[in-house]
Every structure is written in structure tokens, then in C-alpha cells.
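Here is a short report for a reader meeting this structure for the first time. Look at the picture, then read on.

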Amino acid sequence: MTRALEVARAALAATDGEAEAIAHAETSGLARFASSEVHQPTLIDNVVVTLRLVRDGRTGVASTNRVDEDGLAELARRAAEAAESTPPDPDFPGLAEPAELPSVDGYDRTTAELGPEEQARRAAEAIAAADVPVYGFFTSGLSELAIASTTGLETEQQMTDATTLVVAADNGCSGYAEATSWRAGAIDPAAVAREASEKAARTNGAKEVEPSSYAAVLEPYALADLLQYFSLDSFGALGLLEERGYFAGRLSQRVFDERISIVDDSLDSRGLPKAFDFEGSPKRRVELVTDGVARGVVWDRRTAKRAHNGTSTTGHAPPQDFADWGPLPSALSIAAGEAESTDDLVERVGDGLYITRLHYLGVVHPREGVITGMTRDGTFRIRDGKIAEPLVNLRFTVSVPEMLREVYGLTRDVSLVNASNFYGERYPYGALVPALATPRFNITGVGSAPGI
Amino acid sequence: MRDLCAVAVAAATGAGAEYADARAVLRRSQHVSTKNGRVEQLVDTESEGIGVRVLVNGAWGFACDRRVSAAGAREAALRACAFAKAAGGHGPRALAPLEAHTGSFRTEVERDPFSVSLGAKVDECLRADEALNGPDVIVRQAAVRAQRDHKVLLSSEGTDVEHEIVECGGGIDCAASGNGVYQLRSYPSAQVGKSEQGGWEVVERLGLEREAPRVAEQASALLRADVCPAGVTTLVLDSDQAALQVHESVGHPTELDRVYGTEASYAGTSFLKPDDLGSLRYGSEHMNVTADPTTPGGLGTFAFDDEGVPAARQPIVEAGLLTGFLTSRETAARIGTGTGGSMRADGWNRMPLVRMTNLHLEPGDGSLEDLLADVDDGIYMETNKSWSIDDKRLNFQFGTQIAWEINGGKLGRMLRDATYTGITPEFWSKLDAVAGRDAWSMQGITNCGKGQPGQGAHVSHGAAPARFRDIQVGVKA
């Protein structure tokens, strides 16, 4: 039994009546480096338990990391006070019943057992492999999620994850690479650092371009970032029900190029697999876009009840801290295309831009899927079907649906791009995406040269 | 808590640390939100633990333990030392000298927010939520929050300081939809409302229910408003958007850790260089920015930062000239001036980083109406809606929820989907007026992210409406 399930059971035992306890445990290390020196190494060990009580249709939630007898008794008292403070919630679907859960990968004992010496060593491997100063981290961690409920539901999962992220940068140059897996052994920190520093070496002497609409090749890092931001409004049930997202009124319509198919699939072992969500419902593969047609969004039990149309949960209930966001995807995946490589996409573009990575995205118009941000750490001009001179960082303001309306192609290979910045309790997630070439990528401003 | 910190510091120095500090933190927070008349979120959270930071042979290490016990404190200290030794470093690391201080700080609270029942908080939200009802309004939201941090910091140099910081806040938002247009309107600020240090009186002063009908009317009116035209024009920002402009284009770039590149892998660096201190023209003569962790009610107010450096008011930009950076003891030693004083950590399980405290755009003269009166043709923008800025904090693009044309010194037709863009020092060089003290107010930001693993910080910015000439507005996708 996991530590998390022990805590969940103990929290459930500390209260009477209808209740659900969710325990979330983390043991992790992150060796962060800058100027090729580890400067912020952080070890975290925590377990947080969230107790939800139900009293006559009213629910109250409290959480703590004080999991001894006194702490859990106090937790039960606070959750009861919360339940007594709320009016009955007509959208509350009741606590989840036990359900058969899918069998998933996502746990690797070696990764779980990596200690600070090994984490520091892997950071050092990245540092040693780069030709230019590097900034980034190696991290690995074990996360445990367990749920125990008075409905008889009792489940647990151990998840491991590891990421190496490297920005290689010096005066006037910078490059980026990262690798993420639930098996640390699948990541070669030195290879990540080499990819970043080789990219950096090609960015010296960056030029400006005029703001305009360009054809562009987006590496998986860039495409994953855009997709994650687009998903916040458009791939979740609340965005649909509240008419905030692009899919509101557009389900079953052709919205993207027919070569674009997008799913949310936590069962895919190439990603960071999960068996259940934060109310214990089984994770399901959800078709969001199939052959360019908007097919659906992700649901939890509460939003499914609100929809009043027979919709059921897809296993995407968020943690209580993010309840106001509603259910959101956590394992986005864009189907691979037929292009042999990014070079193949560059050739198809002929004249345009090559974009490695994006920075600080902001949603300008959620309903139209308009997002702004900057390119960073490897932006190039494409001329005559080849990558040409490096460019300064560029501001873009794009409508994601317009960008995907027609595409020149997607690569055969997909990459897992980490999407977690490790705020709060560790819950690894990311997106599986290919590189993509689009005829429309709108540049609206010119920024600074790459580099430190 | 003090005893446990002492155990941790002793264990660290016993294991070879040349410097160690230990922070024990007890955090309690409540968040209540309603949507369309129903409770959306009601969470009562507590978190406690001890974080230990060590310096071993010039290398930093940090580890934490949720157990508030001697065993937890000792083990965290030893693990921090082990990580520092494993990580290694490039040699000795200097810290700016610090006289050991003993002291405490407690937020002045008229009404303890945790003595206000959760039921009363739900009622506050439901009343405001109901008052947002109106034509075209499809989503009504209200939220209130309270947080209390009790923390003790001890260091191997004799620092022994204690804080009890209480903050409260709230806000309302609504969305209107019609004819394919979707618009948001919020009060008193977007995203997470407005927070200050203080008790429940902070929420009562907001008057959420009172303001709700105006917010709903404006959301509905925006559906029929024209889109903000594109062009170069005079721009007047309300104090909320001016505060965010300060946060993103002055606060972050003047964090000295970003200047030295230590945040390059996530939040980014800065267009500023250490040598720019005292010589770089940041903006016009009307631009005066001050970091002030002593401002009453500020979310970045304390007596000592998380390295034990006493709070002190510090000019950052004076009459447009860069005269200060936000620093830690380490970055202050590296640049050779200052003492630090801007180190803050998010809770017990994160390492302190250079963060903003309270960073203010100092007031000028007159009122908003006075600023508008000197504009023949321009745009007035209010309440942030979207924000983005590059990794060096130069190229930015912001959007606001609502705007109005300015014609002949008066507000004209309402505009929607307003955006503006610029390059930081160019933009600030076009500042030609800041309204006066009577129009100056403090905005609280509770979602400032930085660091790996990620940390949130709560910071305040005082600002008054500000006027900028020749600004690009109306960016189109």
C-alpha cells in the first residue's frame, strides 16, 4: 500500500458520514543550474490530504499536510464546518462509486529511488556536455495519488517523472531543448544539453524581420505550448458550457485541417500515464478533434450533470484547488503526420519562419482562440526551403484555429513536452506533439536578440 | 517553532555548512467562490513545515520537511547539506554582510478573517453574485480569500525574526455573450480580484455587491461596443493596468537575479545590465518607482525578508533614471552595493528567491480628468484582460477589458478588445503625466510566478492613472 493510501484511509476514518479523502504525496529533487553551476537545488517531501464531506447535499472541503491523529481530527472538524456553511449544491453528482480502472504504465522504481546525489550527477552531465553556458535543471520525482471514499471507492497510483531542461545561452545566442519521461533512464541529459547548445551556436548575429503573416515551422516545444493555452478555454467542459471556448457552437463542425487530430489520452504509455482523476473516475481517451472536426471536450462528473444531455465523465476532475477551472486535459496528443523530419517541413514551407520555442503566452480572445507571446531560444528565417539566418525574438499574435485551418504537414515523430512548472503538489503532465508547418503565423512585433 | 529552527541550523552547521537558515511556516488559507448562484469552491487549507537552506563549500542546498518536529528539522538540514555537497559549486560564495537582527512583525488586523464564519463568506459572495444579474450576462462569479502565515526564521549568523502576516481579498467577474461576441468585466481587478494585508475589513471595503450592477451593465454594453481601432495614439491607463505595467516592465527586469541570468531557464532574464545602475534612462522625468516593503497594507510588507534583512524603502527609478535593483544578499555582494532585502519564499517548501515586495509608481499631480483634459485624441483603457512580455522584459503586449475613446479631453464611445504594445524603455520614455496622490491606489497581485520548482508570490503596486504619448494600440491577430 502506498503512503498516500494510508493517509487517505486514516483521514476517512477520522470522520463520520458520507466523505471522500484524497491524498497526494510527493518526493522529489530538482537540481537547478545557471551559468553552468547548480545554484538552486531543492528537495521536497510532502503529503497533502483533502477531505470532502457531504451533509444533506451540501459539501465542504478542507485540506492539510498534518496527517497525525490530531491533524486529521482537526481536518474533519474544518471540513464539517465548511459543509455546514454551504447551501445544497444541485450540481453535486454525489461521491463517485467504485469503478474498474484501466491498467497504465507510469511508474518506474529506478526513477522513484533517485536521490540527491544522482539528481545532481545528471545535472552535472548536462552542464559538462554543453559548449556554451547552460541554464536549466534535472528533476525527478515520485508522486502518489490515492482516494478513499465511503462509497467503497479505494484506489491508488504511483507516478514517476523526470525532466531535463536546458537553455544554452551566451551573449547574442541561445538555444533550447528538453526531455521528459516517466523513466529517468530514457533521458540523456548530455544529449539534451548538446541539442540546446548546438541550436544556440546557430543563433549568433540574429536579424529582424518585418511584422507580417508568415508561413512557419513550429517545433514540438512551440506547438505544445500553444496547444496547452488553447486548451484552457476550448478543450474543457466549462469553456463549452460557459460559451467561452472556441468549440462553443462548433462541435461536429470542421474547424481545422483534416490532417489535424487531437486527443487527450492519459492511457498512452508514451506520455505520463494516469489511471484515474481527482474524484476516482477512470481516465478515458477523449477525441477532441478528429480529422479536423471538433468532436468534444473533457468532462468531470459535476459538469456532466450540469450539461443535462446524458454526457458522462471522461475522467478529468481537477484537484479541489483548481475546481473553478473545471475539467481540463492533462495528456494532449496531436496525431503524427507523414513528414520525414523538420527539414522536410522546412522544405514544404519554402519561405517563412522556423520557431523552436515560445515564451509567456497570453490569451487575448478566448472565444476566437487568439493567443499572443514571444518566440525564444532559436528563431530562424526559412529561405529556399532551408533554414537560413537566425532571427531576434518575435512577438506573435495568432488565432490558433486560423493557424491550423490548413497545414503543410506534421512530422512522423512526436515528442513528449513537459507542461508542468512544478507549482504546488507535483502532478506530472505533458503533451505528445509532432512538429508542424503552417501557412499562417502572424508576427506583430520585434523583440530583442537571443542570449543572456 | 523557534526551537525547531535552532535544531535545524545546528544540524546543518554540524554537518559542515558555513551558513544555514531555517524557516518554519504555518499557513492557513480559505477560498470561497460562487458561480451563477452556486458555491463553486469552498476550501479551507492548512500547510506547515520547515525549510532549511545551507551553504556548503560555496554551494547552496535546500530541503524541507512537513513534520514540525526536531526529527523533521534535523533530517531536512542533513538532506540540504547532502544535496549541496552533491551539487558542488564554483568556489566561495559571498553574501552581503548582515548584522544579526531579532524582531517580529504582525499585520494590523481589525477583524480576524478566520473569526468570520465560512457561512458569512459564502453569503458575501452570493449577494455579489446575485447583484451581477443582468441582460446578456451568462456567467456571474464572486470570490473572497483569506490567508495567514506564521513564520519564524533563524540563521547561523544570529538572525531570529518572527512574522504573522494576514491578508484578505476578493473580487467579482462576469461574462456576457451575444451575437458571437464574448466579453468579460471584473471588479476591482481581473483574474484574482484584489488583496491587501489586513483583516476582513479589506473585503468589506471592496463593496462587491455595491459595484456589481455597474460591472454587469458594462459587460453587456461591451457586446455592442466597437473594436478598439489600430493606430498610434495617446494612451491613458487606469491605476490597475498601470500597476501591472509596473509589475511586468519594471519589477521583473530590476530583479537582480534575472539580471545575472539565474532565472534564465524559466521566467527569463532582463534587458538591464549591472553597469546600468545609475546611468540607464528607464523613462521620462515623470517616472519615479520605489520598492517599499514598509507600505501599510501591502502584500509585500514585512519587517525582515526571508534572509532576515530589515525592510527598507528603496528608490528604483528616480526621474526616469535607474537607481536601484531588487536584491538578495548574494546578488548585492556580487554587484557591490546594497544589502539585499527582497528575498521571499512561497511557504515552507520552497527556497527564497529575489521577488518584488511593494513596488510603486509614485504619484504626480492632478486627477484622471486632468490627464484626459490634455488629450485631443486618444484611448483610455481600464482593467487588465491579457498580458505577455518577452524573456528580457522588453517587448510587451497587454489587453484590457474595456476602453473608451478620448475626444477633446473627454471620454467618448466605449471600445472592446483593446490592446497596446511597446518596448519597455521606449514606452516609459513616453510617459508624460501621472495623476496625483488622491488618484493613487494600491493593487494586489497574488499570482506572480517564478522559480523552478514554481513559486507564487503576493506583491502590491501603488499607481495612479498614467498618460503615455504615441503608443501603438489595437494589435490584430
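## A helix to start from

This is a predicted model. Begin with helix α2 of chain B, residues 70-87. The helix has 18 residues, and at 1.5 Å a residue it should span 26 Å.

Most of α2(B) is covered. Of its 18 residues, 14 are buried. Just past the helix comes Gly88(B), with a positive phi of about 65 degrees.

## Chain B as a whole

Chain B holds 10 helices and 24 strands. Its radius of gyration is 23 Å, close to the 23 Å that the globule rule gives for 477 residues, so chain B is as compact as a globular protein of that length. Along the principal axes, its C-alpha atoms fill a box of roughly 70 × 55 × 35 Å.

Burial is counted over the 477 residues of chain B, and 65% of them are buried.

## Where chains A and B touch

Two chains meet here. On one side are 75 residues of chain A, in contact with 70 residues of chain B. Strand β2 of chain A, residues 37-55, gives the most to the chain A side, with 11 residues. That side divides into 30 nonpolar, 28 polar and 17 charged residues.

Strand β2(A) also pairs across the boundary. Its partner is strand β3 of chain B, residues 59-65. The strands run parallel, joined by 2 bridges. Leu43(A) has Ala63(B) as its bridge partner in β3(B).

## A residue in the last stop: Asp470(B)

Now turn to Asp470(B). This residue lies in strand β24 of chain B, residues 466-473. Is Asp470(B) buried, exposed or partly exposed? There are 14 other C-beta atoms within 10 Å. Buried would need 20 or more, and exposed 12 or fewer. Asp470(B) therefore counts as partly exposed.

Which residues does Asp470(B) contact, leaving aside neighbours within four places in sequence? They are Val232(B) and Lys430(B). Leu235(B) sits 235 residues away from Asp470(B) along the chain, yet their C-alpha atoms are separated by 7.6 Å.

Methods: Residues are numbered from 1 along each chain as its sequence is written. Chains are lettered from A and ligands numbered from 1 in the order in which they are written. This is a predicted model: local features need pLDDT of at least 70, side-chain atom pairs count only at pLDDT 80 or more; totals for chains, interfaces and linings use all residues. Helices (H or I, at least four residues) and strands (E, at least two) are DSSP runs, numbered from the N terminus. The radius of gyration is taken over C-alpha atoms; the globule rule is 2.2 Å times the number of residues to the power 0.38. The expected span of a helix is 1.5 Å times one less than its number of residues. Two residues are in contact if their C-beta atoms, placed from the backbone, lie within 7 Å. Ala, Val, Leu, Ile, Met, Phe, Trp, Tyr, Cys and Pro count as nonpolar, Asp, Glu, Lys and Arg as charged, and the others, Gly among them, as polar. Two strands pair if DSSP finds at least two bridges between them.
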